[in-house]
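Here are a few notes to read with the model open beside you. Take them one at a time and find each spot as you go.

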Amino acid sequence: MTVRSSPSGVSGETGTRRSGLRPAAVGRVLAMGVTGLVLLLLTLVVVRLPWMGDLGIHAATVQRLRHAPLAPGNPLVDANTPSPYYSPWTLVLGGVARASGLDVFVVLRLAAAAGLALLVTGVWRYVRTLSAHPAAPVLALLSLLFLWGTEPLLWSGFTGLHSLALTAAYPSTFTLGLAFHFWTWLSGALRRPAGWGVWLGLGVLWAVILLCHQFSGVVATAGAAATVAATRPGRAVWPRLGGALLLGVLVLGAWPYYDFFALADAADGLETVHRVLYAHPAARFGLVLLGVAALVGRWRRDHRDPLVVFCALGVLAVAAGRVTGHYSWARALPAAVIPAQLAAALAVVGAGSRCVRSLWAVLLAGALLAGAWAQAGTLGYVVPADALPGPVAEKYRRPWPGYGWITRWVRYGDVVMAEGRVARQVPAYGPYTVAPGYPDFFLADEKRRTAATEAYFATGTPPAERRRTEREYEVRWVLDRRGALDDPALRPVARGPRGEVLYAVP
């Protein structure tokens, strides 16, 4: 029987399929192009490596491991203490710096590139376990980057574009990328028969993730639990899963650089710092509600859907932290946000009829555009800030300039008296400070060091007390960020670009 052509010139089943696929193909190509541009932007940001937040302590950690990989001591102050920053990943980076002789900041750029590559490939592989549609990984990446809110949340372990631009070199980015690969391998081991070697390898990998970044390790654990719950493994799997957990715990206990299990008690000192994560939830996570709606649809189809269980575990952890005052538990927020973002992306390619999918595509595109505009300040790390349009420039956060200029005088291992943000940057270049610029779980006299630093820079402190502090902590240099320290015994040797003064201690 002959098939007649339609008035449009498209005939039969083949023509219908062609006309139906053309918009989807165009959308897929557009999404891939946008994703490529965003990844190019992140690559250019890595070249610049903007400094803000915790980059100083990560640089200091690599410094110590390069000079003394077996006994690095405290990364910030001249004290022989353990540190949770000495992880398998930073040990590798220290080894690279030691073997190659590269500058620490070059090594951190390499770490940023490796972390981003691991994150992108991990998301791609994990999403493939949830959907076979070719557009799913691309939409998932865009959702992870932009489906947040109208106010960017800049914090390590969070995958927003602006956040990644500032934390790409942090262990959290590498660890989160490793977590996506971990979920992929775990899903494969649960769905297909896997031997003891595979399961024990998964146990070691789980421990490595927890050691590299403890908060991202919590997210990885929640995702793994959701994967197991959704797969409903048979009896043969449970002994191997138990063996993997046991080996992972043994690796955590055997790690020589710090006591992993002691961190549970030390977390109490982080509650004040993390309380801010509970502020402005609508502005920071409002766009994620689109993913929550997608999760509802997935829950109706399957109460054990892995993304639904994953999100539920994250919400429970964050809510428990808010109720009990353990605000550091808010670092589990990615466990609630990531599955919602992935669900929104997957709804475009797998939610019901073609009409429903089209509606999801329109909603997701609008949300992604809103999220991209909210994070447009990221362009400032590639384009000169003065060239940015006014509305974009308002979203740009200028990075810290650094204190590399002091290295002409200050040598590795010297002790510098510094306060505030200065103390968070100086150790990155090799010196120590008297007080750590970051909370330190294992430094018993942290409060005493902080009090001594505050007293040193206080107006009216007697010179004799300053000399006593200098002798006690073997201070060789003083870096006064205000440039107004009145002490005739100190000899000024250099002045920084913002009026800071470097003094030599007599």
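Before we start: helices here are DSSP runs of H or I with at least four residues, numbered from the N terminus. Also keep in mind that this is a predicted model.

1. Let's begin with a loop. V382 sits in the loop between α17 (354–374) and α18 (390–393). Is V382 buried or exposed, or something in between? Its relative accessibility is 31%, so V382 counts as partly exposed.

2. V382 also belongs to a nonpolar patch on the surface. The patch is formed by L37, L40, L44, L379, V382 and V383, and together they have about 470 Å² of accessible area.

3. H58 counts as buried because its relative accessibility is 8%, and the cut-off for buried is under 20%. Which residues does H58 touch, leaving aside neighbours within four places in sequence? They are Y85, Y170 and P171.

4. Next, look at strand β5 (residues 501–504). V501 and Y503 point one way, while L502 and A504 point the other way, and all are buried.

5. β5 has strand partners, too. It runs antiparallel to β3 (residues 477–480), joined by four bridges. Four bridges also join β5 to β4 (residues 491–495), again antiparallel. Check Y503 in particular: it is the bridge partner of V478 and of P492.

6. Last, the turn. β4 and β5 make a hairpin with five residues between them. Pick out G499 in that turn, which has a positive phi of about 90°.

Methods
Residues are numbered from 1 along each chain as its sequence is written. This is a predicted model: local features need pLDDT of at least 70, side-chain atom pairs count only at pLDDT 80 or more; totals for chains, interfaces and linings use all residues. Side-chain values use heavy atoms; hydrogens and water are left out. Buried means under 20% relative accessible area, exposed over 50%, partly exposed in between (1.4 Å probe, protein chains only). Helices (H or I, at least four residues) and strands (E, at least two) are DSSP runs, numbered from the N terminus. Two strands pair if DSSP finds at least two bridges between them. Contact means heavy atoms within 4.5 Å. Patches are made of residues with over 30% relative accessible area and no salt bridge: like charges are joined within 9 Å, nonpolar side chains (Val, Leu, Ile, Met, Phe, Trp, Tyr) within 5 Å. Accessible areas come from the Shrake-Rupley method with a 1.4 Å probe; for residues, only the protein chains shown count as cover. A salt bridge is a side-chain nitrogen of Lys or Arg within 4 Å of a carboxyl oxygen of Asp or Glu.
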